[in-house]
Amino acid sequence: MLKILVPLFASAVLAANVYAADPITIKFSHVVTDNTPKGQAALKFKELAEKKLPGLVKIEVFPNSQLFGDGKEMEALLLGDVQIIAPSLSKFDRFSKQVQVFDLPFIFKDPEAVDRFQSSPDGQALLKSMEKKGILGLAYWHNGMKQLSANKDILLPDSVKGLKFRIQPSALLEAIFKQLGASPQKMAFSEVYQGLQTGVVDGQENTWSNIYSKKFYEAQKTILETNHGIVDYMVVVSPSFWNKLPPNIRDGLNSAMSEATTYGNALAWSKNQEAKEKIIAANKAKVVPLNKEQLAIWKAKMQPVWKQFEPQIGAGLIKAAAAASN
Ligand code: LMR
């Protein structure tokens with residue numbers, strides 16, 4: 001009798017332990033506000049993951065650079081202090097030269113072209129291109145097209161000569177602003193508003209959603225509708241964390257990620273349009289559309305950066321990305 005009871009007892013204890021185990025806590029840190037495409041997608045991911053894996057995972061979302069800002073989040077990921085981050089694609093150039101393809105000026109004519117390239121075999125391969133460096137991409141999340149703003153009237157490339165522009169930490173973005181004869185300043189996202197307000201920088205480039213949610217428009221005179229580049233994100237984890245997860249948890253998280261991606265990406269365009277309308281209604285910065293000829297001048301001025309970065313990015317990849325706009 002005892003012989004039967006002991007294993008029964010042991011398995012009951014084991015089962016109790018399994019059920020009593022604490023959920024796996026996953027910290028997801030990002031730098032924008034909740035009411036943005038990335039902020040909304042991150043919250044949706046939390047909701048879905050906790051629903052699909054009840055009691056097994058706890059997702060803690062930290063928006064607004066609360067936990068880690070731009071400067072620290074990659075290191076924090078590599079050290080295991082945070083498990084998921086979603087930096088803009090411009091912030092990976094230390095880890096991948098190829099990912100810089102997304103920052104080539106005017107390479108994508110609209111967000112649909114960006115989506116087509118990201119979904120293509122070349123785009124999907126980039127998600128895995130940094131695995132050896134400790135960064136694994138799970139998904140691309142959309143924000144939108146970048147606009148150029150400044151604290152004075154600007155219209156054509158000559159008008160930005162000598163101005164200081166905040167840029168994300170990216171050699172390619174730096175090259176674009178040098179090409180314009182402006183002075184690029186790398187600065188963390190959380191410091192941009194103050195930088196614009198105090199005149200440390202004269203201008204910046206970003207999406208409507210970021211310009212609105214971080215109030216950049218309050219400190220700018222003109223926002224030029226250039227659509228000259230994109231801000232999109234790669235949601236990344238460290239492979240050492242990810243590959244050690246129990247398979248059922250990884251599957252549940254993958255499924256939550258894929259649904260949150262569809263949700264957030266469907267929202268990105270309207271969030272940006274909404275932000276643009278609110279900026280116009282606030283009547284603080286002047287929103288200036290550009291006609292075809294003016295856009296062609298901007299494009300021609302920035303174009304040399306393509307050749308400059310071709311050896312790093314690869315001609316084939318540039319061709320594939322550009323083809324998504326055809
Ligand atoms: C920026 O630094 O301007 C953006 O990458 C911020 C963001 O995450 O959208």
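Start by selecting Phe-102 in this predicted model. Leaving aside residues up to four places away in sequence, Phe-102 touches Leu-89, Ile-107, Phe-108, Phe-117, Gln-118, Leu-126, Tyr-140 and Ile-230.

Now widen the selection to the core. The largest nonpolar core has 55 residues, and Phe-102 is among those with the most contacts inside it, along with Val-101, Phe-108, Phe-117, Met-234 and Trp-298. Which helix gives the most to this core? Colour residues 171-179: that's helix H6, which contributes five residues. There's also a second, separate core, with 46 residues; look for Val-231, Trp-242, Ile-249 and Met-257 in it.

Next stop, Phe-28. You'll find Phe-28 in strand E1, residues 24-29. Is Phe-28 buried or exposed? It counts as buried because its relative accessibility is 0%, and the cut-off for buried is under 20%. Show the neighbours, again skipping residues up to four places away in sequence: Phe-28 touches Ala-42, Phe-45, Glu-60, Val-61, Phe-62, Val-82, Ile-84, Ile-85, Ala-86, Trp-141 and Val-235. Then try a distance from Phe-28 to Leu-77: the two sit 49 residues apart in sequence, with 9.8 Å between their C-alpha atoms.

Last, pick out helices H12 (residues 304-313) and H13 (residues 315-323). Their axes come within 7 Å and cross at roughly 115°.

Notes:
Residues numbered from 1 in each chain as written. Predicted model: local features only at pLDDT ≥ 70, side-chain atom pairs only at ≥ 80, totals over all residues. Heavy atoms only, no water. Core = buried A, V, L, I, M, F, W, Y, C linked by side-chain atoms within 4.5 Å. Buried < 20%, exposed > 50% of the residue type's maximum accessible area, 1.4 Å probe, protein only. Helix = DSSP H or I, 4+ residues; strand = E, 2+ residues; numbered from the N terminus. Contact = heavy atoms within 4.5 Å. Axes fitted to C-alpha atoms, helices over the stretch in contact; angles between N-to-C directions.
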